[in-house]
Amino acid sequence: MELKRDGYPRSNGYDADWVLAGDMGPHPLWLLEDLAQDLELRPGMRVLDLGSGKGTTSAFLAKEYGVQVWAADLWIDPTEATSHIAAQGADGVVTVKAEAHTLPFAREFFDAIVCIDAYEYFGTADNYLSYITGFLKLGGQFGVATPALRKEVRDLGSIPDHIKKVVGWEALAWHTADWWRFQWEITELVDVTAARLQESGWEDWLMWSRAVSEYAGTRDGSLDMLEADQGEYLTFAMLAARKR
Ligand SMILES: C[S@@+](CC[C@H](N)C(=O)[O-])C[C@H]1O[C@@H](n2cnc3c(N)ncnc32)[C@H](O)[C@@H]1O
C-alpha cells in the first residue's frame, strides 16, 4: 500500500505495510517526526520510548537519529515488539515489558524520553511528571504526542457526542496544549520548550484511519468519529520540555 504525506520525508521512507502491521493508533511515525522538530536527538543518546507498542517508533528512533533506544510497553510482549523492530533492521533496541508507574530503570539514566500516543493513559495525574522526569538527566528532554481536543471538555461542558460514542470518558484525558503547558510549568520541574496543537492532526489521523480500514478490510473504529468531527475538535498536542 502507498501511504505518504508531504511534510514527513523520513516517515515516507518506511514501508506502509510494515507501519500498518504495527497499528495501535494514529500514524506513529508522522507523530514522532513532527514532535522531533521540537527535540534535539543526537547519535548515541539514551532514549526511552515509553508506551512503545509494537515498536514502530523505536525502530524509527534508532534508524533515523542513531540513538540507543529502550522500548517500554505494557500491553505488547517484548518478543512481538522485537520481531516488528527487527523487520526494519534496527539494531540494539532493548524491548521491556513495563508499567509506566514502576519502570525498571536507573534514575537520571536517559537523555530523552518520548511518548507517542500513550501518555493519555497514565500521564494526566498531577504527580506523574515528577516521577517520569526522575529518569532524565539534568537538561534531559521529554517529548509527548497525545490526542487533544481544541477546547477543554470542562469548558465545553460535555464530551462532544461523536467523540463520546467512540471513546467515552477517556476523552477527558485529551487535553489542550495550553492545559499541558500550565500543568508542567507550574511544577518548575521542567522548562516547556513547545506546547502546540498539531495543525494537520485531524487530517493525518483521518488519512491513517482510512488506510487502516483498507489494510484490514474492515472500517476502522475511529472513522465515524473523525468524519463527524471535520477537524473541529480532534487533533494532537505536541509537547516538549527540558528537565531543570
Ligand atoms: C495507542 S497505543 C500506542 C502505541 C505506540 N506508541 C504507537 O503509537 O504505535 C498505547 C500504548 O500505551 C501503552 N500503555 C498504556 N498504559 C500503559 C501503562 N500504564 N504503562 C505502560 N504502557 C502503557 C500500551 O501498552 C500501548 O501499547
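Trainee: Is Gln198 buried or exposed?
Mentor: This is a predicted model, and in it Gln198 is buried, because its relative accessible area is 1% and the cut-off for buried is under 20%.

Trainee: Where is Gln198 placed?
Mentor: Gln198 sits in the loop between strand 6 (190–197) and helix 9.

Trainee: And which residues is Gln198 in contact with, leaving aside neighbours within four places in sequence?
Mentor: Tyr8, Trp30, Leu31, Asp34, Arg150, Asp204, Thr235, Phe236 and Met238.

Trainee: Asp204 is on that list. Which residues of helix 9 are buried?
Mentor: Asp204 is one of them, and the others are Gly201, Trp202, Trp205, Leu206, Trp208, Ser209, Ala211, Val212 and Ser213.

Trainee: How far does helix 9 reach?
Mentor: From its first C-alpha to its last, helix 9 reaches 22 Å over 16 residues. That is close to the 22 Å expected at 1.5 Å a residue.

Trainee: What follows helix 9?
Mentor: Gly217, with a positive phi near 75°.

Trainee: Back to the inside. Which residues of the largest nonpolar core touch the most other members?
Mentor: The core has 54 residues, and those touching the most other members are Leu41, Val47, Leu61, Val67, Ile163, Trp174 and Leu234. Helix 9 (residues 201–216) supplies the largest share of this core, with six residues.

Trainee: What about a second core?
Mentor: There is a separate one of 33 residues, and Ala72, Tyr119, Tyr128 and Trp180 are among them.

Trainee: Take Leu61, then. What is Leu61 in contact with, leaving aside neighbours within four places in sequence?
Mentor: Leu61 is in contact with Leu32, Leu41, Val47, Asp49, Gly66, Val67, Val69 and Val114. Leu61 is also one of the buried residues of helix 3.

Trainee: Why is helix 3 largely enclosed by the rest of the structure?
Mentor: Because eight of the 10 residues of helix 3 (residues 56–65) are buried. Those residues are Thr56, Thr57, Ser58, Ala59, Phe60, Leu61, Ala62 and Tyr65.

Trainee: Which elements do the buried residues of helix 3 pack against?
Mentor: Among the helices, helix 1, helix 2 and helix 4 (78–86). The strands are strand 1 (46–50), strand 2 (68–73) and strand 4 (110–116). Just after helix 3 comes Gly66, with a positive phi of about 65°.

Trainee: Which residues other than glycine have a positive phi?
Mentor: Glu108 is one, with phi of about 55°, and Glu188 is another, with phi near 60°.

Trainee: Where are these two found?
Mentor: Glu108 is in the loop between strand 3 (94–97) and strand 4, while Glu188 is in the loop between helix 8 and strand 6. Glu108 is partly exposed, with a relative accessible area of 45%. Glu188 counts as exposed, at 56% relative accessibility.

Trainee: One last residue. Where is His27, and is it buried or exposed?
Mentor: His27 is in the loop between helix 1 and helix 2, and counts as buried at 4% relative accessibility. Not counting residues up to four places away in sequence, His27 touches Leu3, Val19 and Trp208. Trp208 is among the buried residues of helix 9.

Definitions and conventions
Residues are numbered from 1 along each chain as its sequence is written. This is a predicted model: local features need pLDDT of at least 70, side-chain atom pairs count only at pLDDT 80 or more; totals for chains, interfaces and linings use all residues. Side-chain values use heavy atoms; hydrogens and water are left out. A nonpolar core is a set of buried Ala, Val, Leu, Ile, Met, Phe, Trp, Tyr and Cys residues joined through side-chain atoms within 4.5 Å. Buried means under 20% relative accessible area, exposed over 50%, partly exposed in between (1.4 Å probe, protein chains only). Helices (H or I, at least four residues) and strands (E, at least two) are DSSP runs, numbered from the N terminus. Contact means heavy atoms within 4.5 Å. The expected span of a helix is 1.5 Å times one less than its number of residues.
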